[in-house]
Amino acid sequence: MKQNSSVTEFILLGLTRDPLKQKMVFIIFLIFYMGTVVGNTLIIVTIKFSRTLGSPMYFFLFYLSFADSCFSTSTAPRLIVDAISKKSIISYNECITQVFALHLFGCMEIFVLILMAVDRYVAICKPLRYPVIMSRQVCVILIVLAWIGSFIHSTAQIVLALRLPFCGPNLIDHYCCDLQPLLKLACMDTYMINLLLVSNSGAICSSSFVILMISYFVILHSLRNHSAEGRKKALSTCTSHIIVVILFFGPCIFIYARPPTTFPMDKMVAVFYTIGTPFLNPLIYTLRNAEVKNAMRKLWHVKILTE
């Protein structure tokens, strides 16, 4: 990577510098990260090998769980290791790579949530045309487009990051590398770059949230024409999706869709959507989804019997 500065490494200050609190951070986020990986892997394996979860909704849930695991992995392991390290040093190239991974998988999660909302809209509002509109081929094309869009977005973040010159200090008041904390260290006027950041990441978060809320409002409004059993099943699915959307987009909008200002709560808000939400998603989708729970029971019951 082309380095536009005299700084070759950064020091991450993390969530706290207190030794006792650092040990607590290590234990708490190790549990969170292990829960995230195990929970999302369980969903991925269940959907992959279960014959009953072949619908488009679970096809998209597969990629949401994959994006969750990768999204959390882009930040959580370093946060955990740095909590027990004397000095949390990250090289310039590693920092830029982390920015790329964070935005690639974060944007992928946003696009998959939109695709899941589209799937529910078609299933509930246009049930007769659902098999044609949401065919397997269409779903694959949509996922490919989501990956392409995520790659373009994350590449744009890297282009902005590589334009920042750093001449010291190299202390990042955060637990990971992202454009906002890097902007504070840049030896230049960052007004235009921050404007581009807001118009990119901020616009994606805000517009996606509005689109999702409108789509779910339309879906819920159309449920009045369905049977009681149909309403109950659709409400259960849509409620899970709405909870995930609010938990993820609330912190994202707070961080990315605002002027270049910092608040003491920024790091905790970032923790919530980079580590907390990927941990909660498997719980939300399994505890509120009878089909996923039944598929897991059957899959692991068969596995135990075969062994």
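The coordinates come from a predicted model. Its open sheet consists of three strands, arranged in the order β2-β1-β3 with mixed pairing. The edges are formed by β2 (89-91) and β3 (171-172), each of which pairs on one side only. Strand β1 comprises residues 9-12 and is joined to β3 by two bridges, the two strands running parallel. Within this pair, Leu12 is placed opposite Ile172 of β3. On its other pairing, β1 runs antiparallel to β2, with three bridges between them. Here Glu9 is the residue that stands opposite Ser91 of β2.

Helix α4, which spans residues 92-125, packs on this sheet and touches β1, β2 and β3. The direction of α4 makes about 85 degrees with that of β2.

The axes of α4 and α10 come within 13 Å and cross at roughly 35 degrees, and the crossing is left-handed. From α4, the residues Leu102, Glu109, Leu113 and Met116 meet Thr274, Thr277, Asn281 and Tyr285 of α10. By class, this contact of α4 with α10 holds four nonpolar residues, three polar residues and one charged residue.

In general, a pair of packed helices is described by the angle between the axes and the distance between them. Helix α1 (residues 19-49) packs against α10 (residues 266-287) at an angle of about 45 degrees, and their axes are 9 Å apart. Because of this angle, α1 is classed as oblique to α10. The crossing of α1 and α10 is left-handed. On the α1 side, the contact is made by Phe29, Phe32, Gly35, Thr36, Gly39, Asn40 and Ile43. Helix α10 contributes Val271, Ile275, Pro278, Phe279, Pro282 and Thr286 to this contact. The contact of α1 with α10 contains eight nonpolar and five polar residues, and no charged residues.

How do the axes of α2 and α10 cross? For helix α2 (residues 56-73) and α10, the axes come within 9 Å and cross at roughly 150 degrees. The crossing angle is therefore one that makes α2 roughly antiparallel to α10. This crossing of α2 and α10 is also left-handed. Leu61, Leu64, Asp68, Phe71 and Ser72 of α2 form one side of the contact. The α10 side is made by Tyr273, Thr274, Ile275, Pro278, Asn281 and Tyr285. Sorted by class, the residues of the contact of α2 with α10 are seven nonpolar, three polar and one charged.

The helices may finally be set beside the database annotation. An unreviewed UniProt entry lists residues 24-45, 57-80, 100-118, 138-162, 201-223, 235-257 and 269-287 under "transmembrane region". In the model, the span 269-287 is 100% helix and 0% strand, and its end C-alpha atoms lie 25 Å apart. For residues 201-223, the chain is 96% helix and 0% strand, with the end C-alpha atoms 33 Å apart.

Definitions and conventions:
Residues numbered from 1 in each chain as written. Predicted model: local features only at pLDDT ≥ 70, side-chain atom pairs only at ≥ 80, totals over all residues. Heavy atoms only, no water. Axes fitted to C-alpha atoms, helices over the stretch in contact; angles between N-to-C directions. Helix = DSSP H or I, 4+ residues; strand = E, 2+ residues; numbered from the N terminus. Parallel < 35°, antiparallel > 145°, perpendicular 65-115°, else oblique. Left-handed = near helix turned anticlockwise from the far one by under 90°. Contact = heavy atoms within 4.5 Å. Nonpolar A, V, L, I, M, F, W, Y, C, P; charged D, E, K, R; others polar. Pairing = 2+ DSSP bridges. UniProt positions renumbered as here; feature names shortened; annotations may be inferred.
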